[in-house]
Amino acid sequence: MRLERSTWTEVEAYLERSTGILIPLGSTEQHGPGGLIGTDALVAEGIACRAASHGDGILVAPVIAYTPAQFNLAFPGTVSLRAGTFARVIEDVVDSLAGSGFRAFYFLNGHGANAAPLRSACHDIHQRRALANPPVPPLRFRLKSWWELPETDALRRRYYGAGEGMHATPSEISITRALSRVPQTERTTAHWSPLSAEQLRDRAGDAHEDAHAHRAAFPDGRVGSNPALSSAAHGKALLAVAAREVAADFRRFVEEEPGP
Ligand code: NI
């Protein structure tokens, strides 16, 4: 069930059964010469909607596609929110939905740089609600990046090994190929080199430098990935596994919720 395709009466009926909601998080940033600008948003939304199709127990909110991505601003088409702006967006979305009665917020993430500011935003929401007078019900949050789902992670490693890299990865580009038009990967075939262990360690969680240094370090936008390995068939398989894992993880998360 998708929020933007539901009526308020359908949402009211859903809230009788569940107070959980799944919010996909993406980005609007370059994904190498062959990848789509909206890759992270398309992938998170695609997995979320596929998970929701496993039954009527999952309500999916519209994807949040504008997020922090300053390190890619030197590439045309990238849009980045400041971390504080992103936190306000999260806060307003959560407050609105909490006002409707939602209590369990599952963020399905498609962009590594969202994790730190999302956790910071959730920290501040918890603090504000803990100190509210009169008291307000507590909320619960879960952040899951799709590539951390164990079976999905194993599959992408089996398909791509070191060629998965960190950005414009063949796994995410495979999923966009399964979901939408086929990006041109030919230009990315040449000059592929894996990241060193040191680079992988230092850049974990999208801990990149400023936009100009980032483009100088990674001139075509990829970060250690070989998207030429991507295929729509891989994307279909990755989507199916990830959707199944998200549906199960969402249900476990919501079932932990105390009754109204
Ligand atoms: Ni991405």
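Guide: Angles here run from 0 to 180 degrees between N-to-C directions, and axes are lines fitted to C-alpha atoms, for helices over the stretch in contact. Helices (H or I, at least four residues) and strands (E, at least two) are DSSP runs, numbered from the N terminus. This is a predicted model, in which local features need pLDDT of at least 70 and side-chain atom pairs count only at pLDDT 80 or more, while totals for chains, interfaces and linings use all residues. Residues are numbered from 1 along each chain as its sequence is written, and side-chain values use heavy atoms, with hydrogens and water left out.

Visitor: What makes helix 3 oblique to helix 4?

Guide: Helix 3 and helix 4 pack at about 50°, with their axes 9 Å apart. Angles under 35 degrees count as roughly parallel, over 145 as roughly antiparallel, 65 to 115 as roughly perpendicular and the rest as oblique, so helix 3 is oblique to helix 4. Their contact (heavy atoms within 4.5 Å) includes Phe86 and Ile90 of helix 3 and Leu118 and Ile125 of helix 4.

Visitor: Why are helix 2 and helix 6 called roughly perpendicular?

Guide: Helix 2 (residues 39-52) and helix 6 (residues 170-179) pack at about 65°, their axes 9 Å apart, and helix 2 is therefore roughly perpendicular to helix 6. Among the residues that meet are Asp40, Val43 and Ile47 in helix 2, with Glu172, Ile175 and Leu179 in helix 6.

Visitor: Which residues are the protein donors of the nickel ion, and what makes them donors?

Guide: They are His31 (NE2), Asp40 (OD) and Glu172 (OE), lying 1.8 to 2.2 Å from the nickel ion, and donors are N, O and S atoms within 2.8 Å of the metal (3.2 Å for Na, K and Ca), although water is not among the atoms, so sites may look incomplete. Because Asp40 lies in helix 2 and Glu172 in helix 6, the pair ties together parts that are 132 residues apart in sequence.

Visitor: How do you know that strand 1 and strand 2 pair?

Guide: Two strands pair if DSSP finds at least two bridges between them, and six bridges join strand 1 to strand 2 (residues 104-109), which run parallel. One of the bridges links Gly20 to its partner Ala104 in strand 2.

Visitor: What makes strand 1 and strand 3 the edge strands?

Guide: The open sheet has three strands in the order 1-2-3, with parallel pairing, and strand 1 (20-25) and strand 3 (140-145) each pair on one side only. Helix 3 (residues 83-100) lies across strand 1, strand 2 and strand 3, running at about 140° to strand 2, while helix 4 (residues 115-130) packs on the sheet, its direction making about 175° with that of strand 3.
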